[in-house]
Amino acid sequence: MTKKLMLLLLSGWLSVVNGQAQLPYQDPSLTPDQRAEDLLERLTLEEKVSLMQNNSPAIPRLGIKPYNWWSEALHGVARAGQATVFPQAIGMGASFNDSLLYYVFCAVSDEARAKHRTARLRNSFRQNEGLTFWTPNVNIFRDPRWGRGQETYGEDPCLTARMGTAVVRGLQGPEGTRYDKAHACAKHYAVHSGPEWNRHSFNAEDIAPRDLWETYLPAFKTLVQKARVKEVMCAYNRFEDDPCCGSNRLLNHILRQEWGFQGIVVSDCGAIDDFYHKGHHQTHKDRADASAHAVRTGTDLECGSSYRGLTEAVDKGLIETAEIDRSVKRLLKARFELGEMDGSTPWDSIPETVISSPAHRRLALQMACESMVLLQNRNRLLPLDKDMTVALIGPNANDSVMQWANYNGFPAHTVTLYEALERRLAPGKLIYIPGCGHVTASEDIRPMLSQIEQADVVVFAGGISPTLEGEEMVVDAPGFHGGDRTDIELPAAQRQLIAEIRRTGKPVVFVCFSGSAIALEPEAEACDAILQAWYPGQEGGTAVADVLYGDYNPAGRLPVTFYRNTGQIPDYQDYSMKGRTYRYLDSRPLFAFGHGLSYTTFAYGKASVKDGRLSVRVTNTGERGGDEVVQVYLRRDDDPDGPHRTLRDFRRVYIPAGESRTLEFVLDDEFFSWWNKDTQTMRPSKGKYTIEYGGSSDSRNLRKISYKYSPPRI
């Protein structure tokens, strides 16, 4: 052993493992922070900059492998071959079951680990094979025209925060383990809910402080402080004139200083380009200027290539090396936390057979069933009699790809509604007629109408498709633009066909597949029953059929307001919450947030409050067991400018027929966190409140109890 090597060992700068000398960053017994600090000092500026881009190259001299930070798992591992495809996020939001969502994302992270291990064994480091997943999307679905609203958990901050927390915990694994299972990312921070067509230049300006803190930021705060999310993605748009990925207020003052976030901030893809590209934000002159500003304000990792200009920025004095070091250390620490720098982790024991396994397919079916929202059931048409002859019509009856939604994986098999009914019904009992496209009408509907005469009931599988609504798309169809919608009505071709079917006198069940709320005022008159199915994933057809025939008692609830028509919502580009969502809508919607019917009935007893807990007794007064989603809302009596009511807690509970359950909800300081106009903050606020509880946000379905709250003295 050389004298130099001996000195390094004695000083602690070198250790010996299995007879081989090991540098500190190679020592798994040290903390990720210690290992990152040591490795950082060994990197050149050029190497540091290369590690700050999503497609990070190898640095062979230090044993650093290539790593691509960009992976997706919105509702299953996406874009990486075969995987279990769960319902789209908006559908899982409709389940109002964050406990089930946690298990869904435990399954997703199992598949992610198995896929990552397989990729590593074949020495592959491509996009979507890593362990850093850019999900969940916890933006507020403030307007149903936003094409990416399907990726969210709805319009309510409480529901969004609860569901987002479940996703983060399921992906990242239990706290306190030596290696994280995966890393989640809260996106898109902040005040980002469309439009898609101008997102690279859009400025979310004049945002009322109340709207910012009461609506747009709470879910992000919860994921940072309670779920301990490892990454936050800054959005494309500007916020108060600054690009979000260069907003000192958002990234430093709020995220890091006020909330204490210690993790990585990653840019949305190409967002740094928007700082200087012509026709985009154009707040900076070139990539060196833009990159320096983004890093200085806290964006550690770029999805893109503008950060190549950081070496030039250092040369020009636009940024200090120490500011780059701060970001690089965060990136290195994250890779050590995941074990990505090490040879193996305990998570490697997850076998490849877990991918699209029978257990995961059953979980996908359960979540699809729980996401189904029965909007209308006139004269109790549903559940259907199994001996009925069914005419199945519509563009979504046999469209498997529609069920996958966007940001999707590829299932081993997708069960469409047509396939599910064909399996279930006796020969001759199913008549299948495509009928029309999503936005195109059939030339001659007379032959179709004559076929319907043989049916006892018509099931119309309509709605829209992820080929029409989604992220920054090129769509040339009436009612759609750039991935967004220009109106929220059901496309005219389908509306007209449903009207013609209704004239036959046959009872009609409308199964609506969509990622957003559709204005169904004429359909509510024309159809006897309406089932909102969302984009239900690989097992969606089975789930719909199970509900139609009563094998599953529906209990999904709307995570968004279903407005009567396009005229009921304000201008799309206005980010004020006035007149939006159930919290601020001044007129009655067609179907309220939280609405959803069952094949049984529930009655609520008079609530009581004792020792800071609200007790609510719920009785199943029907003839079959079912789930009820108990919702608790709050409003402040002396705040005319505040929300009419706002969700504070919820619980999905199974109650057998004829039985009762008593549920308790904690009335803590957070429950009474309210907008304080004097301090311009959300804080526990003394005052008189009305607590409302029931099965939806519709005031006609809520019971009330008055409560006077005083925060504890400090």
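Which residues touch the most other members of the largest nonpolar core? In this predicted model, they are Tyr189 and Leu332, in a core of 119 residues. A nonpolar core is a set of buried Ala, Val, Leu, Ile, Met, Phe, Trp, Tyr and Cys residues joined through side-chain atoms within 4.5 Å. Buried means under 20% relative accessible area, with a 1.4 Å probe and protein chains only; exposed means over 50%, and partly exposed lies in between. Helix H6 (residues 157–172) gives the most to this core, with eight residues. A second, separate core holds 79 residues, among them Met372, Met402, Ala477 and Cys512. In soluble globular proteins, nonpolar side chains tend to be buried together.

The model is predicted: local features need pLDDT of at least 70, side-chain atom pairs count only at pLDDT 80 or more, and totals for chains, interfaces and linings use all residues. Residues are numbered from 1 along each chain as its sequence is written, and side-chain values use heavy atoms, with hydrogens and water left out.

Tyr189 has contacts (heavy atoms within 4.5 Å) beyond its neighbours within four places in sequence. Its partners include Leu217, Phe220, Val232, Met233, Leu250, Ile254 and Trp259.

The protein has 20 helices and 28 strands. These are DSSP runs, numbered from the N terminus: helices are H or I with at least four residues, strands E with at least two. Helix H10 (residues 287–296) is mostly covered, with eight of its 10 residues buried. Asp289, Ser291 and His293 are among the buried ones. The buried residues of H10 pack against helix H11 (310–315) and helix H12 (321–338).

Four strands form an open sheet in the order E23-E22-E27-E28. Their pairing is antiparallel; two strands pair if DSSP finds at least two bridges between them. Strands E23 (646–655) and E28 (702–709) stand at the edges. Each has a single partner strand, so one side of each lacks a neighbour in the sheet. Six bridges join E22 (residues 626–636) to E27 (residues 687–694). Leu634 stands opposite Ile691 in E27.

Overall, 63% of the 714 residues count as buried. The radius of gyration, taken over C-alpha atoms, is compared with a globule rule of 2.2 Å times the number of residues to the power 0.38. A compact globule with 714 residues would have a value near 27 Å; the protein has 27 Å, which agrees. The C-alpha trace spans about 95 × 60 × 55 Å along its principal axes. Of the contacts with a separation of 6 or more, 74% involve residues 24 or more positions apart.
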